[in-house]
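Student: I have just opened a structure that is new to me. Could you help me learn to read it?
Tutor: Gladly; let us look together.

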Amino acid sequence: MKANIGSFDKVIRIILAIIFTVLYFTKLVDGTVGIVLLVLSGILLLTSMFSFCPLYTILGLKTTSKK
């Protein structure tokens, strides 16, 4: 796996994951939508931890800096 997520993208993903998790646990969003947001927050955290997004590979995107 070659990294395809840059640092700014990681920060955005982590912030969104925190927001989705807070919305779920404060019960502002519940039911099916809440579960979907919780799963999505897990995916966002995992992809930011590994700096790799399979969807970016399929779409040919890369947000890493060119070194």
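**Reading a predicted model, one feature at a time**

Tutor: Let us start with one residue. Asp 9 has a relative accessibility of 13%, so Asp 9 counts as buried, the cut-off for buried being under 20%. Do keep in mind that this is a predicted model.

Student: In which helix is Asp 9?

Tutor: Asp 9 is placed in helix α1.

Student: How many salt bridges does the whole structure have?

Tutor: A search of the whole structure finds one. It pairs Arg 13 with Asp 9, and their closest N and O atoms are 3.2 Å apart.

Student: Why are Arg 13 and Asp 9 separated by about one helical turn?

Tutor: Because they are four residues apart in helix α1.

Student: Are Arg 13 and Asp 9 buried or exposed?

Tutor: Both are buried.

Student: Let me step back. How many helices and strands does the chain have?

Tutor: To read a fold, begin by listing its elements in order. Here there are three helices and zero strands, and from the N terminus on they run α-α-α. The C-alpha trace spans about 45 × 20 × 15 Å along its principal axes.

Student: What share of the contacts joins residues 24 or more positions apart?

Tutor: Among contacts with a separation of 6 or more, such pairs account for 73%.

Student: What percentage of the residues is buried?

Tutor: Of the 67 residues in the chain, 27% are buried.

Student: Which residues make up the largest nonpolar core?

Tutor: For a core, look for buried nonpolar residues joined through their side chains. The largest one here has five residues: Ala 17, Phe 20, Val 29, Leu 37 and Leu 44. Helices α1 and α2, the latter covering residues 31–50, each supply at least two residues of this core.

Student: What does Phe 20 touch?

Tutor: Not counting residues up to four places away in sequence, Phe 20 touches Leu 37, Leu 40, Ser 41 and Leu 44. Two of the names on that list, Leu 37 and Leu 44, also belong to the core.

Student: Is Phe 8 buried or exposed?

Tutor: The cut-off for exposed is over 50%. Phe 8 has 64% relative accessibility, so Phe 8 counts as exposed. Phe 8 is found in helix α1, which covers residues 7–25.

Student: Where does Thr 57 lie?

Tutor: Thr 57 lies in helix α3, residues 54–59. Its relative accessibility is 47%, so Thr 57 counts as partly exposed.

Student: What does Thr 57 touch, not counting residues up to four places away in sequence?

Tutor: Thr 57 touches Asn 4 and Phe 52. The side chains of Thr 57 and Asn 4 make a polar contact at 3.3 Å. Distance along the sequence and distance in space are separate things to read: Thr 57 and Ala 3 are 54 residues apart in sequence, and their C-alpha atoms are 9.9 Å apart in space.

Terms used:
Residues numbered from 1 in each chain as written. Predicted model: local features only at pLDDT ≥ 70, side-chain atom pairs only at ≥ 80, totals over all residues. Heavy atoms only, no water. Buried < 20%, exposed > 50% of the residue type's maximum accessible area, 1.4 Å probe, protein only. Contact = heavy atoms within 4.5 Å. Polar contact = N/O pair within 3.5 Å; in protein donor to acceptor, adjacent residues only side chain to side chain. Core = buried A, V, L, I, M, F, W, Y, C linked by side-chain atoms within 4.5 Å. Salt bridge = Lys/Arg side-chain N within 4 Å of Asp/Glu carboxyl O.
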